[in-house]
Amino acid sequence: MMNLNMHIQLLRAFVSLVLLRLLVSLAGHANAVTVSIRVDNDNRDAEELISDGDMYRDSSDLELGFDDFAGGLQIVGMLFRNVDIPQGAQINSAYIEFETDETDSGTTNLLIYADDEDNAGNIGNNDDNLSDRTPTSATETWSPGAWNTVNQKHQTPDLRLIIQELVDR
């Protein structure tokens, strides 16, 4: 089992539900297996203000990329615990699904990557807790359209190369 810490930088949107979904093929199995993992605890996601590294871990939602309340651009981290994927499994697809809880039509540009660790540590309160982590070499960009409808779901592009980098160790 591994823990995945995914980071998103520079997205302006508001979300209340986060789900990581992986479609995995295992050697010796004819069918792929779907694995779904939710962020399971308030301390499993956080926002880090880019200007000074301050951490915000007790928000009721995530402002992805820009937070008026916190005062600017930020990094968002989400920790997915107990991801049960055997080493060397083939990742067929992977995405994170967000659910809108506040609307916004601002231009959004994202860079998505994972913590380059076999078992990512907890997200702490110390300044720069997210930005001090080593990112995976695999990344994905995302520029989603406007988030105009509350409770609407939004999926990232395919993140399989990011997950595959971790699983192949």
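How does R160 count at 34% relative accessibility: buried, partly exposed or exposed? R160 counts as partly exposed. Buried means under 20% relative accessible area, exposed over 50%, and partly exposed in between (1.4 Å probe, protein chains only).

This is a predicted model, in which local features need pLDDT of at least 70 and side-chain atom pairs count only at pLDDT 80 or more, while totals for chains, interfaces and linings use all residues. Residues are numbered from 1 along each chain as its sequence is written, and side-chain values use heavy atoms, with hydrogens and water left out.

**The chain as a whole**

Helices (H or I, at least four residues) and strands (E, at least two) are DSSP runs, numbered from the N terminus. Read from the N terminus, the order is β-β-β-β-β-β-β-β-β-β-β-β-α. The chain has 169 residues, and 48% of them count as buried. Take the contacts (heavy atoms within 4.5 Å) with a separation of 6 or more: 77% of them come from residues 24 or more positions apart.

**Salt bridges**

The whole structure holds five salt bridges. In each, a side-chain nitrogen of Lys or Arg lies within 4 Å of a carboxyl oxygen of Asp or Glu.

| Salt bridge | N to O distance |
|---|---|
| E99 and K153 | 2.9 Å |
| D115 and R133 | 2.9 Å |
| R160 and D158 | 3.0 Å |

E99 and K153 form a salt bridge. This pair links distant parts of the chain: E99 sits in strand 9 and K153 in strand 12 (residues 153-155), 54 residues apart. E99 is buried, at 14% relative accessible area. K153 is partly exposed, at 45%.

D115 and R133 also meet in a salt bridge. Both lie in the loop between strand 10 (110-114) and strand 11, 18 residues apart. D115 and R133 are both buried.

R160 bridges to D158. D158 is partly exposed, at 32% relative accessibility. Salt bridges with shared partners also join D116, D118 and R169 into one network.

**Aromatic rings**

There are three aromatic pairs. Rings of Phe, Tyr and Trp (its six-membered ring) pair if their centres lie within 6.5 Å; planes under 30 degrees apart count as stacked, over 60 as edge-to-face and the rest as tilted. F98 and W142 are stacked, with 6.1 Å centre to centre and 20° between the planes. F98 is in strand 9 (residues 90-102) and W142 in strand 11 (residues 140-142), 44 residues apart. W142 and W147 are tilted, at 6.2 Å and 50°. Ring pairs link F98, W142 and W147 into a cluster. F98 and W142 are buried, and W147 is buried too.
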